[in-house]
Amino acid sequence: MAEPTTDAGAGPVALRRSPLAHLTERMRAAAVPGARGVTLTEWPFLTMVNVRVDPASEAAARIAKTLGAPLPRQCGHTTAAGPHTAVWLGPDEWLVISQADATAVAAELREALGGDPGSVVDVSANRTTLELSGPAARQVLEKGCPLDLHPRAFGPGQAVSTTVGPVAVLLWQVAGAPTYRLFPRSSFADYLARWLVDAMREYRGPEVP
């Protein structure tokens, strides 16, 4: 397939458009201030690299050294170092989420894997990232998430695959404020963002005793 025609000097990065660019103002307008506050924003174009490797192998050790932290070994666990966070997806599968350049991260992890069995795939375009934050963030999610999100069961640094409304997501709590990041497939991001905006609406009004 031929590349799209562009203006001189424009490149693929300059032409990228996030799955939720058209809802930026709507999400901003939906923000609720105060003690029952909650905000919703998109973090577009985060680097995401899927890694599959035997966790007991030398390749896994090399990958961990490249990331600067061991690969998590249990469901719900994450590990982080510098710009990278590794999220457990399965016994031999992880998602590396990073602030660093996707091409560079994938290349470094492939080099660490070497010729050993496994795979390293840049999946950055598969998902986008929504951040839900504020005192009422947990209550908003609880309207449509089957997980027990109470702090006794789910807290900062934990991430699991679940659903919010009818949408499958990877849900990661990044801070105790609370602040959550949700990773839906790009094709479902519009539906999820609208669902969350609607779920936030009631917190504009006074709390019903």
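This is a predicted model: local features need pLDDT of at least 70, side-chain atom pairs count only at pLDDT 80 or more; totals for chains, interfaces and linings use all residues.
**Ground rules.** I number residues from 1 along each chain as its sequence is written. Local features need pLDDT of at least 70 and side-chain atom pairs count only at pLDDT 80 or more, while totals for chains, interfaces and linings use all residues, and side-chain values use heavy atoms, with hydrogens and water left out.

**Rings.** I looked for aromatic pairs (Phe, Tyr or Trp rings, the six-membered one for Trp, with centres within 6.5 Å) and found 1. The ring centres of W172 and F183 are 6.3 Å apart with planes at 20°, so I logged the pair as stacked (planes under 30 degrees apart; over 60 is edge-to-face, the rest tilted). W172 sits in strand β9 (residues 167-175) and F183 in strand β10 (residues 179-184), so the pair ties together parts 11 residues apart in sequence. Strands here are DSSP E runs of at least two residues, helices H or I runs of at least four, numbered from the N terminus. Both W172 and F183 are buried (under 20% relative accessible area; exposed is over 50%, partly exposed in between, 1.4 Å probe, protein chains only).

**Charges over rings.** I then checked for Lys NZ or Arg CZ within 6 Å of a ring centre and within 35 degrees of the ring normal. R181 lies over the face of W172, 5.7 Å from the ring centre. R16 does likewise over F45, at 4.0 Å.

**Main core.** I asked which residues touch the most other members of the largest nonpolar core, and got L130, L132, L141, L171, L182 and L196, out of 31 residues. A core here is a set of buried Ala, Val, Leu, Ile, Met, Phe, Trp, Tyr and Cys residues joined through side-chain atoms within 4.5 Å. Helix α6 gives the largest share, 7 residues. A second, separate core has 18 residues, including W88 and L109.

**Helix α6.** Its 12 residues (189-200) should span 16 Å at 1.5 Å a residue, and the end C-alpha atoms are 16 Å apart, which agrees; the expected span is 1.5 Å times one less than the number of residues. A189, L192, A193, L196, V197, A199 and M200 are buried in α6. They cover an arc of only 165° around the axis, which puts them on the same side of α6; the arc uses directions from the helix axis to the C-beta atoms.

**P55.** I found P55 in the loop between β2 (47-52) and α3 (58-67). It is partly exposed, at 22% relative accessible area. Beyond four places in sequence, P55 contacts A60, R73, P91, D92 and W94 (heavy atoms within 4.5 Å).
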